[in-house]
Amino acid sequence: MSDLHRTVQEGGPLLPASGRLEVAVQQAGPIPLDARFHCEAGELLALVGPSGSGKTSLLRAIAGLMTPRSGRIACGENAWLDTATGVDLEPQRRRIGLVFQDYALFPHLTARDNIRIALRHLEPAQRSEQAARWLARVHLDGLGERYPAQLSGGQRQRVALARALAREPRVLLLDEPFSAVDQVTRRRLQRELTRLREQIRIPIVLVTHDLDEAMALADRLCVLHGGKSLQIGDAETLFRRPASAEVARLLDRHNLFRGQVVDTPRGRRLQWGSLMLEVAGGSSACRWARR
C-alpha cells in the first residue's frame with residue numbers, strides 16, 4: 001500500500017462531495033467548438049482525440065480561462081457560464097483544480113509555498129500546516145523546501161496535483177498530466193490517481209492522447225474531432241460499437257470495411273465481395289470495424 005493510499009484511508013474524504021459537471025459549448029472560431037458532455041461526481045471522463053481537436057480549449061472553457069461564443073457550463077446547481085443569461089464567473093469563483101501539462105509551478109517558490117498559494121481560503125496561520133499535510137498525502141514529506149528545479153518530473157507532478165486539490169475544488173481538470181515523465185513513473189502516478197479517486201467525490205476531466213491511458217483510468221471516454229464531440233461512452237462500447245468510421249479511425253481501429261445490405265430469399269444480408277453475412281438490420285450501405 002502506498003503512503004498516499006494509507007494517508008487517504010486514515011484521513012477520510014479529502015474533499016467535500018461535488019455535483020455533476022455539465023458542458024455544452026459552441027463557437028465557429030477561432031477555435032471551432034461544438035461539444036456537449038457531462039461528468040458525474042466521482043467519475044473520471046477522458047477527452048480523447050488528435051492534436052487540434054479542442055480538448056485543451058474545452059478545459060480552458062470549464063476553468064473560465066476562455067469564454068466560448070455560446071453555451072452553458074454548470075456544476076451541480078451552480079451555473080458557471082450561461083451565455084443566454086449573461087453569466088460568466090471568473091476562474092477564482094469556479095473553484096477549479098487544474099493540473100497543466102507542464103505543471104506551471106512557480107520556479108521561485110518551494111514545493112510547500114507552491115501549495116500555500118492555493119490555500120488563500122484559509123487563515124494565514126493554517127496554510128503552512130495544511131501545505132505540509134498535502135505534501136505528505138502525495139508522499140513528498142521532507143521535500144517541502146525544495147524548488148521545482150530540484151525535483152524530478154514525477155515529484156513536480158505530485159506538487160501540481162497537491163496544489164490543485166488543496167483549493168478544495170468542485171471539479172478537477174487534468175491536461176496531459178503524465179506526458180512529461182518516463183513510462184515507469186507514469187504508470188506509478190496513474191495507479192496513485194486511481195487510488196486517490198476513492199476519496200475524491202468530484203468530477204474529474206482528463207485530457208490525453210494516450211488511448212491506453214484513457215482506457216485504464218476513465219469511466220467514460222468522449223471522442224473529439226474538430227472541436228465536436230462525436231461519441232461518448234465506456235471504452236468497451238466505443239471500441240465494440242463506434243458510431244461512425246471517423247470514430248473508429250480516431251480510436252485507432254484499422255480494420256474498416258464497406259458493404260451493401262441486400263434483401264435475399266433468406267432475409268437481409270450484408271454483401272461483402274463474394275461473401276453474404278448475416279445482419280440484424282441496417283441501411284443499404286454499411287461500414288463496420290473488425291477488432
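**Entry 1: strand 9**

I began with strand pairing and noted that strand 3 (residues 44–48) runs parallel to strand 9, the two being joined over four bridges. The model I am reading is a predicted one. Within this pairing, I found L47 bridged to V207 of strand 9.

I then looked up strand 8 (residues 171–175), which also pairs with strand 9 in the parallel sense, over four bridges. Here I recorded L174 with L206 of strand 9 as its bridge partner.

Next I asked which residues cover the two faces of strand 9 (residues 204–207). I204 and L206 lie on one side, V205 and V207 on the other, and all are buried.

**Entry 2: T110**

I located T110 in the loop between strand 7 (96–99) and helix 4 (111–116). Is T110 buried or exposed? I class T110 as buried, because its relative accessible area is 6%, under the 20% limit.

I checked the side chain of T110 and found one of its polar atoms 3.1 Å from the backbone nitrogen of D113. Leaving out residues up to four places away in sequence, I listed G144, E145, R146 and Y147 as touching T110.

**Entry 3: S70**

I placed S70 in strand 4 (residues 70–75). With a relative accessible area of 27%, S70 is partly exposed.

For S70 I listed contacts with A24, V25, Q26 and T83, again setting aside residues up to four places away in sequence. I followed up T83: it stands 13 residues from S70 along the chain, and their C-alpha atoms are separated by 5.4 Å.

Note on methods. Residues numbered from 1 in each chain as written. Predicted model: local features only at pLDDT ≥ 70, side-chain atom pairs only at ≥ 80, totals over all residues. Heavy atoms only, no water. Buried < 20%, exposed > 50% of the residue type's maximum accessible area, 1.4 Å probe, protein only. Polar contact = N/O pair within 3.5 Å; in protein donor to acceptor, adjacent residues only side chain to side chain. Contact = heavy atoms within 4.5 Å. Pairing = 2+ DSSP bridges.
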